[in-house]
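I opened this model to go through its annotated domains, its sheets and its ligand site. My entries follow in the order I looked things up.

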Amino acid sequence: MKILLKFVLFGILILNLQFHSVIAQSHKNTFSTNYRNNLLWYLKPAQVWEEALPIGNGRLGAMIFGDPENDRLQLNEITLWSGDPQTDADRPGAYKYLDTIRSAIRDQDYPLAHKLTNQHFTSSAPYSSSYQTLGDLWLKFKLPNKQPATDYLRWLDIDQAIAGISFTSGGVNFKREIFSSAADHVLLQKITASRKGCISLTLNLNRIEDASTHFVAPNKLIMRGHAGGALIYEAQLTVVNKGGSVTASKNGIQVKNADDVLIYLTAGTSYKLDYAKLFKGPDPHQSVNRQMTLALAKPYPLLRAAHINEYQQYFRRVDFKLGGTAANDLPTDQRLKAYGDGTADPAFAALFYQYGRYLLISSSRPDNPLPSNSQGLWGDGLDLPWKCDYKSNINYEMNYWPAEQANLSELHMPMIRLTQALVTPGTKTAKTYYGPQTPGWYYGYTTNGWAWTSPGAQLSWGVFAGGSGWVCQHLWEHYAFSRDKKYLKSIYPVLKGAAQFYLATLIRDKNGYLVTSPSTSPENNFITDKSVKSDVTEGATMEKSIIWDLFTNVAQASSELNIDADFRKAVVASRNQLSPLRIGKGGQLMEWNEDWDLNSDDPHHRHTSHLFALHPGRQITALGTPALAQAAKRTLELRGDDGTGWALAWKENFWARLRQGDHAFKLLSNQLRFTTTTETVMADAGGTYANLFDAHPPFQIDGNFGAVSGITEMLLQSMESYQNAKGGQSYIIDLLPALPTAWGSGSITGLKARGGFEVALAWKAGKLVHGTIKSFHGEPFRIRTKYPLKISGMSLIPIKTNDCYLYTLTSKAGKIYQLSTM
Ligand code: FUC
């Protein structure tokens, strides 16, 4: 054992030295000064897509393989959706069957209810559109004397959003750096060499389907095509060489004996987020051309600097440090494996956190035409897993959990805009399924680039009443953090429309409570006490919890805006009559309206939907509703500590909300299991690929974002509110509520709290040492901590409950409150 340990330590030392010598040689000016905390690096090119490194400016992205001779950049553009809008997918006259379906459910005739729901309450057209690849940029290099590459290094610097590779061949050092700039709407690669005249390569653009490529100059290619529908895409490639020559050849643009080479790629589609125009915008040629012309006119150092500036305005808002160890100096794939083998490496969690923020910035800039999808921006193929869409029963929302708390609020906007775009089709869907008089709008389990709002093709997954309610939580949360009243006013009608739909369609259950019907608990089924297995019922816990949340938010919104008092009263009255959360015979929080949970033949099902009220909702809190929190804990124990990538990430959030940091940490460790599996596995195979993408498997980015949220929830929570002295709602800022023992010392700056606050914290031996809270809008707040605090020289007397200290503060806009432990 001792020998093995020595061997491992020696290995770490060697690699450490190797890294530093490589850096010393050629990278002094390449990496950001902050690189040690913010670098993914590898000693070999990517063999498979899940090893390649992602870059993106929100809209235009690439996966970089980094091969010295045959390099590939797999390209994506966020609006590249196949097919066309399917405006006829609502099943005509579906509402005529609503009463019959509801009666079958009430009579507990579940086989009939299942049959009728499948026949009448599903979509009438197949869900066939998929997000697709834009194609590939191939770079075939001729290395000097055909010498193999040595001293190979490949990296992604997430502090600068620049990827690169370097190696030596035939005594020449080669370096390539690549980034996708949101400032100049261009993807750039710079190739340099230590000796003049050594760069020779052929470049080409292609795509597996529907592409035609032509030269417009010897150094300029255009690729255009359709994505299987009306949508037109275009990519332009320009090569600018210093020294040597450039010619057009049948294999592409040929560069010979250049000193250095700059590669420019611009791309776009005819997509426009406008349902009324069926998403048809202008042909992309002009704008792609303009972007190319402008980029070519700007010197490379300026393009590079503009990119870094634009990116860092988001990324650098948060600085996160956890204790470093020797593992810090391992290449990232080996570091991931070592983490899974039990090496203590707290700083790796900080890297994973910042990488999640990097991925959100790279797939969702504020002006993105569409939000980050289930693979963010990156997908290789024409029919991507689950169409790579926006599944509302967890995946889509999880993508945006970090947006507000991790100080990326503007990045929420693409999701908020897509939600607004769902109102028109969702109004039609509401009337088609619930009757011509139904007010408001609704959608169920998924949406896509074409604003699909119809249900899915079949139970259990296709029928879900909670989609619109859940996405509306994001509309509210943007306000809860930003306190931007103008914004709130602009989205209020969307919230109200979603609430109106539920108000009109809830029915009374046999106990007189309001419930949804037909109702499902996402993708799960139940077994009744009479051993009947089904999936559709009334009053599933998740749907009523989402509605509780929406009603609470819309009531609060109307009172903040001081409008719609009667509507507010009606919403609050209905909310108070919703079927309550109930505890079942196993001590668990009941998933269904009946106590069937323990009958399940799939007790570890990946969705833990019925805990919505614990997270991302706020109806259950560890200290405010301890009995329900205990039931939620029991539910989590019954579900177990495994799952798909996103399921593990969600459980991190649940355990953090239960204030159980070590258990949340355990789930994070499960998520950080190295995997290479890319086939679909529906249970217990969640993990992380070499490029730190989350594995469902296959790759699904929600787990990356869910982990950012889970880690934030371990350090800071602000979902609880109280009535302030003026009768308004203010928030409790809860410091280090679920700090894992493994992260004894650390610091984080730039986290956001509801109510308009920015928080920085530093801790040692598990105890807060100092921190700051900046109040942006002067709203009152409370601080909750585990140890008494000194706050900005004030002598506040805390209330002590549940082993926590609670301080109540009025606040001044712009003031920074200094905290230190007494
Ligand atoms: C839901 C989940 C699956 C997968 C898919 C994209 O259907 O149940 O696990 O995440 O969305």
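I started with the UniProt record, an unreviewed entry, which places "domain: Glycosyl hydrolase family 95 catalytic" at residues 300-715. UniProt positions follow the numbering used here, feature names are shortened, and annotations may be inferred rather than shown by experiment. Over residues 300-715 I read 47% helix and 5% strand. The end C-alpha atoms of this stretch are 40 Å apart. Helices (H or I, at least four residues) and strands (E, at least two) are DSSP runs, numbered from the N terminus.

**Ground rules.** I am working on a predicted model, where local features need pLDDT of at least 70, side-chain atom pairs count only at pLDDT 80 or more, and totals for chains, interfaces and linings use all residues. Residues are numbered from 1 along each chain as its sequence is written, and side-chain values use heavy atoms, with hydrogens and water left out.

**Ligand site.** Which residues are around the ligand? I listed Trp386, Lys391, Asn395, Glu523, Arg606, His607, Trp646, Met682, His696 and Gln700. A residue is near a molecule if one of its heavy atoms lies within 4 Å of it. By class, this shell has three nonpolar, four polar and three charged residues. Here Ala, Val, Leu, Ile, Met, Phe, Trp, Tyr, Cys and Pro count as nonpolar, Asp, Glu, Lys and Arg as charged, and the others, Gly among them, as polar.

A polar side-chain atom of Asn395 lies 3.0 Å from a ligand oxygen atom. For Arg606 the corresponding distance to a ligand oxygen is 2.9 Å. For His696 it is 2.6 Å. Taken alone, the ligand exposes 290 Å², and the protein buries 97% of that. Accessible areas come from the Shrake-Rupley method with a 1.4 Å probe.

I read 9% helix and 49% strand over residues 40-272, with the end C-alpha atoms 35 Å apart.

Next I traced an open sheet of nine strands, in the order 1-6-7-8-9-16-13-12-11, with antiparallel pairing. Two strands pair if DSSP finds at least two bridges between them. Strand 1 (39-42) and strand 11 are the edges; each has a single partner strand, so one side of each lacks a neighbour in the sheet. The twist averages 15° from one strand to the next. Axes are lines fitted to C-alpha atoms, and angles run from 0 to 180 degrees between N-to-C directions.

I looked at two pairs here. Strand 6 (residues 150-157) and strand 7 (residues 162-169) are antiparallel over six bridges. Leu156 has Ala163 in strand 7 as its bridge partner. Strand 11 (residues 212-217) and strand 12 (residues 220-226) run antiparallel, joined by five bridges. A hairpin of two residues connects strand 11 to strand 12. Ser212 is bridged to Arg224 in strand 12.

The unreviewed UniProt entry gives "domain: Alpha fucosidase A-like C-terminal" for residues 730-819. Residues 730-819 are 0% helix and 58% strand, and their end C-alpha atoms are 20 Å apart.

Strand 31 (residues 767-775) and strand 36 (residues 816-821) pair in the antiparallel sense over five bridges. The partner of Lys774 in strand 36 is Ile816.

How values were computed:
A polar contact is a pair of N or O atoms within 3.5 Å; within protein, one must be able to donate a hydrogen and the other to accept it, and residues adjacent in sequence count only if both atoms are side-chain atoms.
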